[in-house]
Amino acid sequence: MPSPIKFTVQDIQPIMESMIRFVNSIDAYQGAIQYINQNIIKPDTTYFKVLVNDGLKRKDKKHHSKTDFRIDTGINNSMLKSILSSGGKTLTPTPSPQCRHISADYFGTRVFMFPTPKNQAKNCRAVYNNNLIFQSNIKTDKPLEDYLMENPIVMGDLVQKASWAIGYYRQKPNMYQKDMDAHLVNMEKISLISKTQTIRNIPFMQTIEHLRQFLFDVLITHHTPQIALTPEDARQHLKANKDDIFNKAEQFGYIPDAQKMIKYQNLRDQLAHPDDLHFIGGPQLPENCSEIVSDFEGILTSLLHGDNIKILAVDAEKNTDLVQKSLVQLPDENLFNNVNAYQLINQLDTAQTLLGSYTLPTRTNGKPLTGRKKLEALNTLGVLSQNDVTKLEEVTLTRN
């Protein structure tokens with residue numbers, strides 16, 4: 001059923017453009033997944049190689065005080081809360097470090113590293129025990145702790161490998177090296193697929209955001225008397241009640257199904273704050289997005305008074321060579337840049353969650369500090385350096 005107003009393509013151009021990007025991203029995602037499934041993924045040994053049991057020679061098991069440091073894993077707080085709330089009984093004890101250490105989380109696993117002042121970064125080795133060692137090819141002469149803190153990509157690689165390898169080793173301590181290699185390849189593949197899924201997130205989020213803003217403006221312009229006494233009252237009501245934007249839009253005939261759009265708006269909100277569910281992998285779009293596309297096309301058909309409008313992929317990215325590269329470092333000029341952008345959202349959301357654990361002063365009206373004032377307060381506490389404040393402010397602007 002057509003909407004009460006026949007809009008032009010120019011009227012809804014932002015919705016159309018983001019919708020095309022969304023359809024293109026779905027096409028690119030399907031091509032990438034097909035490539036991943038049809039090609040052999042090799043373990044990434046750029047920074048660390050995982051050696052276990054028969055993969056270790058006798059000389060490899062000899063301790064080297066300058067390069068070797070202990071590594072272990074436990075459960076992070078989010079995962080622990082999830083397990084306890086669901087009545088889980090099987091818990092891996094989290095180490096209680098009594099000495100200087102570095103720790104980082106990877107999807108529910110907390111990885112603990114215990115470098116000593118003697119440890120050098122050059123050819124360093126993270127040692128779980130004599131039969132499981134993470135051998136690096138790092139060549140710098142910097143102190144190990146400084147190097148890891150200055151190179152988050154390297155530390156992230158170690159944290160990821162440790163979370164994959166240590167848990168598997170605990171289950172099968174007598175495994176062969178080929179078993180560990182096969183496990184790491186499988187985990188690399190799962191990680192690559194998970195990362196590739198995010199290529200669709202941002203264009204989906206933009207589509208629902210543009211649609212919501214468009215309907216908001218239409219309701220204020222044409223239906224204020226049916227919502228509130230004044231345009232300002234109507235604006236405040238709709239801003240405070242986002243669901244009502246879609247409910248009113250359906251009531252007045254602009255969209256066919258408000259509940260579906262409310263569901264997509266909620267998914268958009270979850271995708272915008274992935275750390276809320278980070279310990280179980282975070283929110284995701286469905287594997288098959290054809291229903292979402294069909295629902296958006298139904299709205300376009302209504303708004304444009306069209307005849308079953310369909311959006312087809314235009315210049316979709318199908319260069320499978322791109323998938324062979326790290327998805328974090330893909331060029332900006334293609335759809336895979338969506339992966340970089342969504343990773344920024346994920347990383348900043350995680351950082352904000354961690355910073356939220358600190359107790360900060362409030363404003364004079366009792367409300368919490370936000371923006372730069374919050375960052376400056378964290379600087380005063382010694383949590384952030386002044387350089388951190390500047391960088392986080394810049395990154396937050398980019399993220400928004």
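**Close-up views of a predicted model**

**View A. The backbone oxygen of proline 173 lies 2.9 Å from a polar atom of the side chain of asparagine 53.** The model shown here, and in every view that follows, is a predicted one. Asparagine 53 sits in the loop that links β1 (48-52) to β2 (68-75), and its side chain also reaches the backbone oxygen of methionine 175, at 2.7 Å. When neighbours within four places in sequence are left aside, the residues in contact with asparagine 53 are Asn131, Tyr169, Pro173, Asn174 and Met175. Is asparagine 53 buried or exposed? With a relative accessible area of 16%, asparagine 53 falls under the 20% cut-off and is therefore buried. The backbone of asparagine 53 has a phi near 45°, which is a positive value in a residue other than glycine.

**View B. Strand β6 (residues 132-136) pairs with β1 and with β5.** The strands β1 and β6 run antiparallel and are joined by 5 bridges; in this pairing, leucine 51 has isoleucine 133 of β6 as its bridge partner. The strands β5 and β6 form a hairpin, in which 2 residues lie between the two strands. Because 4 of its 5 residues are buried, β6 is largely enclosed by the rest of the structure. In a regular strand, side chains alternate between the two faces of the sheet.

**View C. The loop between α10 (290-304) and α11 (337-355) contains lysine 310 and histidine 305.** The side chain of lysine 310 makes a polar contact of 3.5 Å with the side chain of glutamate 297. The C-alpha atom of lysine 310 is separated by 8.8 Å from that of leucine 300, a residue 10 places away along the chain. Histidine 305 has a phi near 55°, again a positive value in a residue other than glycine. How accessible is histidine 305? Its relative accessible area is 32%, so histidine 305 counts as partly exposed.

View D. The C-alpha atoms of leucine 344 and arginine 399 are 6.7 Å apart, although 55 residues separate the two along the chain.

**View E. Phe204 and Phe296 touch the most other members of the largest nonpolar core, which holds 48 residues.** At least two residues of this core are supplied by each of the helices α1 (13-38), α6 (201-223), α7 (231-240), α8 (242-251), α9 (258-272) and α10, and the largest share, 11 residues, comes from α6. Phenylalanine 204 is in contact, beyond its neighbours within four places in sequence, with Phe22, Tyr264, Leu267, Arg268, Leu271, Leu285, Ile292 and Phe296. Apart from this core lies another, of 32 residues, among them Val111, Ile138, Tyr168 and Met187.

**View F. Cysteine 124 and cysteine 289 are both buried.** Cysteine 124 has a relative accessibility of 0% and therefore counts as buried, and cysteine 289, at 3%, counts as buried as well. How many disulfides does the chain hold when a pair of cysteine sulfur atoms within 2.5 Å is required? By that rule the count comes to 0 disulfides.

**View G. The protein chain as a whole comprises 13 helices and 6 strands.** Of its 400 residues, 44% are buried. The accessible surface of the chain amounts to about 21800 Å², and 51% of that surface belongs to carbon and sulfur atoms. Among contacts between residues at least 6 apart in sequence, 70% join residues at least 24 apart.

How values were computed
Residues are numbered from 1 along each chain as its sequence is written. This is a predicted model: local features need pLDDT of at least 70, side-chain atom pairs count only at pLDDT 80 or more; totals for chains, interfaces and linings use all residues. Side-chain values use heavy atoms; hydrogens and water are left out. Buried means under 20% relative accessible area, exposed over 50%, partly exposed in between (1.4 Å probe, protein chains only). A polar contact is a pair of N or O atoms within 3.5 Å; within protein, one must be able to donate a hydrogen and the other to accept it, and residues adjacent in sequence count only if both atoms are side-chain atoms. Contact means heavy atoms within 4.5 Å. Two strands pair if DSSP finds at least two bridges between them. A disulfide is a pair of cysteine sulfur atoms within 2.5 Å. Accessible areas come from the Shrake-Rupley method with a 1.4 Å probe; for residues, only the protein chains shown count as cover. A nonpolar core is a set of buried Ala, Val, Leu, Ile, Met, Phe, Trp, Tyr and Cys residues joined through side-chain atoms within 4.5 Å.
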